[in-house]
Amino acid sequence: MPAHVAIIMDGNGRWAAARGLPRVEGHRRGVVALRRAVRAADAMGIRYLTVYGFSTENWRRPAEEVADLFGLLRIFIRRDLAELHESNVRVRVIGDRAGLDEDVVALLDEAQDLTRRNTGLTFVVAFNYGGRQEIARAARALARLVRAGQLDPEAIDVDLLGSVLDTRDFPDPDLVIRTSGEVRISNFLPWQTAYSEFVFLSEHWPDFDEATLRGAVEQFLRRDRRFGGRNARAV
């Protein structure tokens, strides 16, 4: 079983368009699929589930759609936080807080604070997140230490840079799933997914359920992960 599964939840708009529904309805159904995914990951014994909730590039969408997405985030936290807490789920949020409304920041903090001591599934929400931006923030943090004379530039290596990333408290994803037929990572955890296995699914995100997750995990289990080495069975 992969310890850490990351998901790019794609296809809400296309799901809605195929049914003659407004895009916001696709996003609403996407929230329902997210609930299913969290419950399924917890039931399957996955230790970390990271989802791409809102990217830094999503600000380019129409203002009305952005407002709808933020509204759904507010609803999700207010309605689902108690259940997540009762299920021993620990919520963590990564990404840049700059530019977010104060009430959104307060809700994100509340979700983390309430569930901080939980020991079950760690549910990581990448919100206002961009992978390149995360790496740039980490580089600036190390540069400040160098400027202050607290760090030798020659001491900067992969492990040190990783220790100042948003995801420093989590293992790297074993498996990355993307729905809706797109085959790219869209600035999602580019550092952390260097050796992840990818499964790209044709299903739109609102159709994602436990069977879909199990199918993706089964694909993962058939893979041979060598991390740059050679299969021990190879001649």
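Trainee: Does Leu-108 count as buried or exposed?
Mentor: This is a predicted model, so local features need pLDDT of at least 70, side-chain atom pairs count only at pLDDT 80 or more, and totals for chains, interfaces and linings use all residues. Residues are numbered from 1 along each chain as its sequence is written, and side-chain values use heavy atoms, with hydrogens and water left out. The cut-offs for relative accessible area are under 20% for buried, over 50% for exposed and partly exposed in between, using a 1.4 Å probe and protein chains only. Leu-108 has 3% relative accessibility, so it counts as buried.

Trainee: And in which helix is the place of Leu-108?
Mentor: Helices are DSSP runs of H or I with at least four residues, strands are runs of E with at least two, and both are numbered from the N terminus. Contact means heavy atoms within 4.5 Å. Leaving aside neighbours within four places in sequence, Leu-108 is in contact with Leu-73, Ile-77, Val-93, Arg-97, Leu-100 and Phe-127. The helix that holds Leu-108 is α4.

Trainee: What is the relative accessible area of Arg-90?
Mentor: Arg-90 is found in strand β3. Not counting residues up to four places away in sequence, Arg-90 touches Tyr-48, Thr-115, Arg-116, Asn-118, Leu-121, Thr-122 and Phe-123. Arg-90 is classed as buried because its relative accessible area is 19%.

Trainee: How many residues are in the largest nonpolar core?
Mentor: A nonpolar core here is a set of buried Ala, Val, Leu, Ile, Met, Phe, Trp, Tyr and Cys residues joined through side-chain atoms within 4.5 Å. Those that touch the most other members are Ile-7, Leu-49, Phe-123, Phe-127, Ile-177, Phe-208 and Leu-213. The largest share of this core, nine residues, comes from α3. The residue total for the core is 47.

Trainee: Which residues does Phe-208 touch, not counting residues up to four places away in sequence?
Mentor: Phe-208 is one of the members of the largest nonpolar core that touch the most others. Its list runs Ile-7, Ala-33, Arg-36, Ala-37, Ile-177, Thr-179, Leu-201 and Leu-213.

Trainee: What is the volume of the largest pocket?
Mentor: On a 1 Å grid over the protein atoms alone, a pocket is an open set of points with protein on both sides within 12 Å along at least five of seven lines, and lining residues have an atom within 4 Å of a point. Grid points are joined across faces, edges and corners, and the volume is the space filled by probe spheres set on the points. For the largest pocket, that space is about 890 Å³.

Trainee: Which element gives the most to the lining of the largest pocket?
Mentor: The lining has 39 residues, and Met-9, Tyr-52, Gly-53, Phe-54 and Asn-58 lie nearest the pocket centre. Elements giving two or more residues include α1 (12-18), β2 (48-55) and α4 (102-115). With seven residues, the top contributor is α3.

Trainee: How many residues of that lining are nonpolar?
Mentor: Ala, Val, Leu, Ile, Met, Phe, Trp, Tyr, Cys and Pro count as nonpolar, Asp, Glu, Lys and Arg as charged, and the others, Gly among them, as polar. Nine lining residues are polar and eight are charged. The nonpolar count is 22.

Trainee: What is the phi of Ser-186?
Mentor: Ser-186 sits in the loop between β5 and β6, and a relative accessible area of 30% makes Ser-186 partly exposed. Ser-186 is a residue other than glycine, but its phi is positive, near 55°.

Trainee: How far apart are the end C-alpha atoms of α2?
Mentor: The expected span of a helix is 1.5 Å times one less than its number of residues. α2 has 22 residues, so it should span 32 Å. The model agrees with that, as the end C-alpha atoms are separated by 31 Å.

Conventions. On a 1 Å grid over the protein atoms alone, a cavity is a set of points where a 1.4 Å probe fits but cannot get out, and a pocket is an open set with protein on both sides within 12 Å along at least five of seven lines; lining residues have an atom within 4 Å of a point.
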